[in-house]
Amino acid sequence: RQVSTQSTGDFDRSAMQRGVWQCSSITLRYCQHGGSSRGARKFVDELMPGFAATNPQLAVEATNRNGKHPFVKASYLNGKEKNICVKNQSPNEIKAVLQALRNQSGRKLLAHAQHQVISGPTSSQGHWVPTPPS
């Protein structure tokens with residue numbers, strides 16, 4: 001069974017760059033019979049139509065992948081893809097994963113320059129005192 005929806009509705013604009021959503025499509029792949037896909041099947045039946053309606057900028061799709069654990073695949077405008085395993089997750093947890101992928105840009109996280117901490121003692125034992133206190 002293949003479900004593909006694109007519709008109109010309200011959506012949050014916080015994940016845009018210069019007015020353009022970076023996530024272009026999200027695909028949920030799940031097994032029709034496997035126990036680890038129970039939440040994914042329930043998500044497709046109950047929550048996916050509402051998610052697709054509130055995110056018209058996304059091509060939201062669900063496809064069968066029998067004999068395998070479920071995962072979500074997100075494609076971004078820069079050509080990158082992200083795969084997240086949703087094995088044994090509830091429908092609400094899967095919805096949270098889809099929203100997180102929707103809100104990302106597809107770029108790798110940057111390592112920011114770290115500065116040395118200059119406050120406080122440099123030793124975990126405290127400052128050195130030449131004569132012990134009496």
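Strands S4 and S6 run antiparallel and are joined by six bridges. The model is predicted: local features need pLDDT of at least 70 and side-chain atom pairs count only at pLDDT 80 or more, while totals for chains, interfaces and linings use all residues. Residues are numbered from 1 along each chain as its sequence is written, and side-chain values use heavy atoms, without hydrogens and water.

**Strand pairing**
- Strands are DSSP runs of E of at least two residues, and helices are runs of H or I of at least four, numbered from the N terminus; two strands pair if DSSP finds at least two bridges between them.
- Leu 28 has Val 72 in S6 as its bridge partner.
- S4 also pairs with S5, in the parallel sense, over six bridges; Ser 25 has Ala 59 in S5 as its bridge partner.
- Six of the eight residues of S4 are buried (under 20% relative accessible area, with a 1.4 Å probe and protein chains only).

**Salt bridge**
- One salt bridge is counted (a side-chain nitrogen of Lys or Arg within 4 Å of a carboxyl oxygen of Asp or Glu).
- Lys 73 forms a salt bridge with Glu 81, with the closest N and O atoms 3.6 Å apart.

Note on methods:
Buried means under 20% relative accessible area, exposed over 50%, partly exposed in between (1.4 Å probe, protein chains only).
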